[in-house]
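Good morning, everyone, and thank you for making time for this short talk. Please take a moment to look at the sequence and the model before I go through a few features.

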Amino acid sequence: MDSPQRRKSGLNLPAGMNETSLRLETFSASSSSSFRSISISSPRMISSLTSPSSSKSSTCSDRFIPCRSSSRLHTFGLIEKESPAKEGGNETYSRLLKSELFGSDFGSFSPAGQASPMSPNKNMLRFKTEHSGPNSPYSPSILGQDSGFSSETSTPPKPPRKVPKTPHKVLDAPSLQDDFYLNLVDWSSQNVLAVGLGTCVYLWTASTSKVTKLCDLGPNDSVCAVQWTREGSYITIGTNLGQIQVWDGTQCKRVRTMGGHQTRAGVLAWNSRILSSGSRDRNILQHDLRVSSDYVSKFVGHKSEVCGLKWSHDDRELASGGNDNQLLVWNQHSQQPILKLTEHTAAVKAIAWSPHQSNLLASGGGTADRCIRFWNTTNGHQLNNIDTGSQVCNLSWSKNVNELVSTHGYSQNQIMLWKYPSMAKVATLTGHSLRVLYLAMSPDGQTIVTGAGDETLRFWNVFPSVKTPTPVKDTGLWSLGRTYIR
């Protein structure tokens with residue numbers, strides 16, 4: 001049975017608590033109910049609502065109050081909704097309220113009004129990643145602290161490739177002519193550089209730095225163009241008298257001389273079997289060394305000197321540029337150009353076919369034009385054009401990456417690297433004191449050599465090495481991996 005004290009009070013008292021620690025106060029209220037408040041001498045307070053008609057006793061239990069210092073409340077971010085500022089402002093009151101509710105350190109972890117850009121939801125409470133200490137074995141970075149990037153953030157972009165601003169080699173080239181319409185430098189697939197200096201042609205072997213004098217045309221003629229075959233064994237020379245000479249580069253012996261031009265032949269271009277030559281006489285001749293005649297066909301279309309010639313990589317199309325500001329595209333099945341592109345406003349010497357995309361042609365204009373233009377030769381549409389600010393003398397596409405290099409004359413004499421198709425500048429190189437009229441690329445595609453009227457040849461490392469494919473491991477005789485025969 002309950003003791004008289006418990007029945008009188010109508011309360012179940014916890015063990016260790018007696019009636020002397022309680023003080024009962026009764027307040028009058030409405031006729032339907034009455035409130036009884038119990039004051040407890042202990043720090044915890046209990047309030048109960050009883051009804052006089054209730055005969056059953058109610059049981060009260062204590063609440064659990066967590067310790068805020070160990071609950072890591074700073075890992076919860078409170079996102080405040082933006083509201084129009086009221087007159088007088090209540091920022092000070094908000095800070096004081098947060099400090100009282102969450103402690104003085106709360107403000108340093110969750111600034112007012114700063115929502116996480118990585119959280120698209122609108123939840124009031126958002127759990128944040130806790131920063132690990134420098135000695136924590138669970139630190140998210142090798143430095144022991146968060147690097148500042150969220151785990152949801154993507155990998156940062158690669159930094160731009162660093163291109164050396166100075167040439168790694170400079171060669172003197174006395175008597176290298178300062179003539180926009182000539183093409184006096186070419187680099188063979190066997191790593192031999194040919195340079196036309198006055199009446200002579202010199203060969204420089206890159207692996208040994210050995211210089212060999214190939215020929216001397218004599219006092220009555222001069223070198224206007226040099227061009228290696230794709231195999232790199234033979235070199236052709238265009239002369240001021242209009243002759244086309246073919247030389248064996250290894251034995252330094254002349255193999256053949258072909259005529260057909262009335263005046264100087266300033267540009268040459270080889271495909272797999274056919275040699276094309278352009279001249280001041282405005283004609284383009286097609287030479288085939290397998291036949292006895294000097295040339296097998298003639299392309300007539302330019303109204304002024306032909307100064308640019310390039311075969312496409314598949315040998316199907318020939319692009320020609322002239323001093324008449326025209327860019328013409330030919331094929332071997334017609335004596336007339338299949339495309340006439342007339343958007344340039346100056347001579348077109350710089351021509352380059354993309355090795356990465358078929359039917360993509362780049363061309364550059366002279367001093368009055370200064371633009372690099374890109375063409376789709378399938379339909380003749382201009383894809384893009386960019387004003388370089390100076391005369392475009394040469395263009396060459398990298399075979400390792402989708403970038404191209406341009407050399408320039410008036411008025412900045414610079415060398416520029418471009419990323420295609422964005423045409424973002426990768427680097428600008430300077431060093432020549434006169435127009436950079438000549439350009440050739442090494443067989444590995446990493447180094448270019450530039451020549452100018454300042455009678456120097458400068459070698460620049462501008463392109464990365466080709467990305468070698470991951471070798472396929474042969475697992476047996478019938479492996480599906482590639483095999484190589486050397």
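Predicted model: local features only at pLDDT ≥ 70, side-chain atom pairs only at ≥ 80, totals over all residues.

**Salt bridges, a pocket and a patch**

How many salt bridges does the count come to? The count comes to 11 salt bridges, and I would like to take you through a few of them. In one of these, Arg373 pairs with Asp369, and the closest N and O atoms are 3.3 Å apart. Here Arg373 is buried, because its relative accessible area is 10% and buried means under 20%, and Asp369, at 5% relative accessibility, also counts as buried. There is also a network, in which salt bridges that share partners join Asp179, Arg264, Arg280 and Glu305.

The next pair is Glu403 and Arg161, which form a salt bridge whose closest N and O atoms are 2.9 Å apart. Glu403 lies in strand β27, while Arg161 sits in the loop between β4 and β5, so this pair ties together parts that are 242 residues apart in sequence. Is Glu403 buried or exposed? Glu403 counts as buried, at 3% relative accessibility, whereas Arg161 is partly exposed, with a relative accessible area of 28%.

The largest pocket holds about 1200 Å³ of space, and 41 residues line it, with Asp186, Trp187, Gln227, Lys310 and Ser396 lying nearest its centre. Several strands give two or more residues to this lining, among them β6, β10, β14 and β22. Sorted by class, the lining has 25 nonpolar, 11 polar and 5 charged residues.

Strand β22 is also the place of Lys349, which counts as buried at 5% relative accessibility. The C-alpha atoms of Lys349 and Asn325 are separated by 9.3 Å, and these two residues are 24 residues apart along the chain.

Finally, we come to the surface, where Tyr93, Leu97 and Leu101 form a nonpolar patch that together has about 310 Å² of accessible area. Leu97 is found in helix α2, which covers residues 91-102, and Leu97 is partly exposed, with a relative accessible area of 38%.

Conventions. Residues numbered from 1 in each chain as written. Heavy atoms only, no water. 1 Å grid on protein atoms, 1.4 Å probe; cavity = no way out; pocket = protein on both sides within 12 Å on 5 of 7 lines; lining within 4 Å. Points joined across faces, edges and corners; volume = space filled by probe spheres on them. Helix = DSSP H or I, 4+ residues; strand = E, 2+ residues; numbered from the N terminus. Nonpolar A, V, L, I, M, F, W, Y, C, P; charged D, E, K, R; others polar. Patch = residues over 30% accessible without salt bridge, like charges linked within 9 Å, V, L, I, M, F, W, Y side chains within 5 Å. Areas by Shrake-Rupley, 256 points an atom, 1.4 Å probe, with all protein chains shown as cover. Salt bridge = Lys/Arg side-chain N within 4 Å of Asp/Glu carboxyl O. Buried < 20%, exposed > 50% of the residue type's maximum accessible area, 1.4 Å probe, protein only.
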